[in-house]
Structures are given as C-alpha cells and as structure tokens.
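Thank you for making time for this today.

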Amino acid sequence: MHPILKDIRLISFDLDGTLIDSVPDLAAAVDASLGELGLPVAGEARVRDWVGNGSWTLVERALTFAQGHLPGEEALARSHEAFLRCYGRDPGSRTRLYPGVRETLDALQAGDWILTLVTNKPYAFIEPILAQFGLERHFALCLGGDSLPQKKPDPAPLLHVAAHFDLSPSTCLMVGDSRHDIAAGRAAGFRTLAVPYGYNHGEPVQDSRPDGLVVSLAELV
C-alpha cells in the first residue's frame with residue numbers, strides 16, 4: 001500500500017476528473033442548453049477548463065463565454081435548468097473511468113478503509129453514473145454539491161463525512177484532481193492526495209501542495 005495510507009481509516013474521493021472523465025457528456029449538455037437559447041456552443045476543450053465548481057458555476061462560465069458578459073440571475077437560472085434537463089437525459093454514455101480506478105476501488109473496498117465520495121456534481125447524477133460502472137456499492141456515503149449548503153472548497157462536506165463515521169479528520173484522506181479538493185481537505189484537517197490528469201483550470205495541481213501526488217490511483221494499492 002502507498003505510504004500516504006498509513007493510519008488512514010477513511011478515504012474521500014472526488015468524482016469528475018479523479019475517478020471519471022465526464023467532460024464529453026458535460027460538454028454535450030452545455031452545448032445543447034446553449035443551443036436551446038440560440039447561443040454559440042462552447043465545445044469540449046473549453047468545458048474541460050470550466051468544470052470542477054458545480055453545475056451552477058459551469059453554466060455561468062458557459063453563458064459568460066457565449067454572451068460576452070456575466071449573465072443576470074434570471075438568465076442563469078433558466079440556462080441552469082436547461083443544462084440539468086439536457087444532462088439528465090444522458091449523463092454517462094460518453095463518460096469513462098480513468099485507468100486503474102476500478103481495480104483500486106476494488107482493492108480498497110476489500111481492505112479496512114471506509115470509502116466515500118464527495119463531489120460538487122449535483123447529487124441526482126451520482127448514482128446513475130456509478131451504477132453504469134457497477135461502482136454504486138463501493139461507497140459508504142456519497143455527497144453531491146447540493147447535499148449541504150456548502151460545497152468544496154469549503155471543508156464542510158468533508159467534516160460532515162468524518163463526523164458521520166465518528167472519525168477524527170486526521171485519520172481521513174481526500175483524493176482529488178483540483179485545487180478545490182486540496183483546499184477543502186487541508187481546511188478540514190484531512191491528509192490530501194492529488195492526481196495530475198483531471199480538471200484544474202489548466203493549472204498544475206501540485207502547485208496546491210498536496211501531501212502526496214500519484215500519476216495513477218493504481219499506485220495506492
């Protein structure tokens with residue numbers, strides 16, 4: 001096992017950019033919702049730099065690009081509703097697991113670790129995507145970006161997870177791909193581990209100074 005797991009009892013994983021590459025499906029939904037509004041599409045490359053802060057912020061960034069200015073609250077709400085509708089029709093057909101994810105989760109589940117999922121993705125989409133890959137039973141608790149009033153980089157979701165299992169944050173590990181994951185983990189008192197292949201707005205995630213970095217999650221086991 002990787003040295004970073006020493007004395008760790010619970011592992012919280014981010015989802016998008018850490019376990020799955022969901023950008024192709026997210027981009028399709030963003031472009032479909034923009035098209036419904038008669039706006040120019042964004043394309044997958046742009047969306048890849050916009051994800052990570054939840055669906056509301058993703059849509060806000062897309063509208064700002066398409067309109068050339070920050071959207072008003074009413075326009076943003078309409079576009080967000082359209083995005084959720086488009087994404088809900090097909091949240092996973094283009095989404096793929098990153099290499100080594102399934103084997104790593106299988107091995108960790110067979111060990112003594114509690115596995116949890118803490119993502120900024122709306123909660124309603126978590127189960128269908130996990131079920132698509134047969135991973136829905138790997139996690140003892142899943143939190144979405146709308147499960148609590150706060151989401152990452154706020155530490156509240158991670159503190160909620162630790163409290164739920166009556167564990168000290170010092171015995172917990174946050175695994176993610178972005179500065180928001182590392183910031184949330186550090187603020188919660190979790191150990192932090194980063195992967196460099198995900199979505200971090202074009203910035204090297206190691207600049208956030210995680211406690212550890214692995215090229216593949218397979219290095220954990």
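**A walk through the model**

Let me start at Asp146, which lies in the loop between β5 and α7, where helices (H or I, at least four residues) and strands (E, at least two) are DSSP runs numbered from the N terminus. What we are looking at is a predicted model, in which local features need pLDDT of at least 70 and side-chain atom pairs count only at pLDDT 80 or more, while totals for chains, interfaces and linings use all residues. Residues are numbered from 1 along each chain as its sequence is written, and side-chain values use heavy atoms, with hydrogens and water left out.

Which residues does Asp146 touch, if we leave aside those up to four places away in sequence? They are Pro122 and Tyr123, where contact means heavy atoms within 4.5 Å. Asp146 and Pro122 are 24 residues apart in sequence, and their C-alpha atoms are 5.7 Å apart in space. With Tyr123, a polar atom of the Asp146 side chain lies 2.9 Å from the backbone nitrogen.

Now to the sheet. Six strands form an open sheet in the order β5-β4-β1-β6-β7-β8, and the pairing is parallel; two strands count as paired if DSSP finds at least two bridges between them. The edge strands, each of which pairs on one side only, are β5 (141-143) and β8 (212-213). Within the sheet, β1 (residues 10-13) and β6 (residues 172-176) pair in the parallel sense over four bridges, and Phe13 stands opposite Val175 in β6.

Helix α7, residues 156-164, lies across β1, β4 (114-118), β5 and β6, and runs at about 160° to β5; here axes are lines fitted to C-alpha atoms, for helices over the stretch in contact, and angles run from 0 to 180 degrees between N-to-C directions. Helix α8, residues 179-188, packs on the sheet as well, touching β6 and β7 (191-194), and its direction makes about 170° with that of β7.

In α7, the buried residues are Ala156, Pro157, Leu158, Val161 and Ala162, where buried means under 20% relative accessible area, exposed over 50%, and partly exposed in between, with a 1.4 Å probe and protein chains only. These buried residues of α7 pack against β1, β4, β5, β6 and α8. Just after α7, Asp166 takes a positive phi of about 55°.

The buried residues of α8 include His180, Asp181 and Ile182, and the buried residues of this helix pack against α7, β6 and β7. After α8 comes Gly189, whose phi is positive, near 85°.

Is His180 buried or exposed? His180 counts as buried, because its relative accessibility is 10%. Its side chain makes a polar contact with the side chain of Asn53 at 2.9 Å, a polar contact being a pair of N or O atoms within 3.5 Å where, within protein, one must be able to donate a hydrogen and the other to accept it, and residues adjacent in sequence count only if both atoms are side-chain atoms. A polar contact of 3.3 Å also joins the side chains of His180 and His201.

Finally, the chain as a whole. The secondary structure comes to eight helices and eight strands, and of the 221 residues, 53% count as buried. Along its principal axes, the C-alpha trace spans about 55 × 30 × 30 Å.
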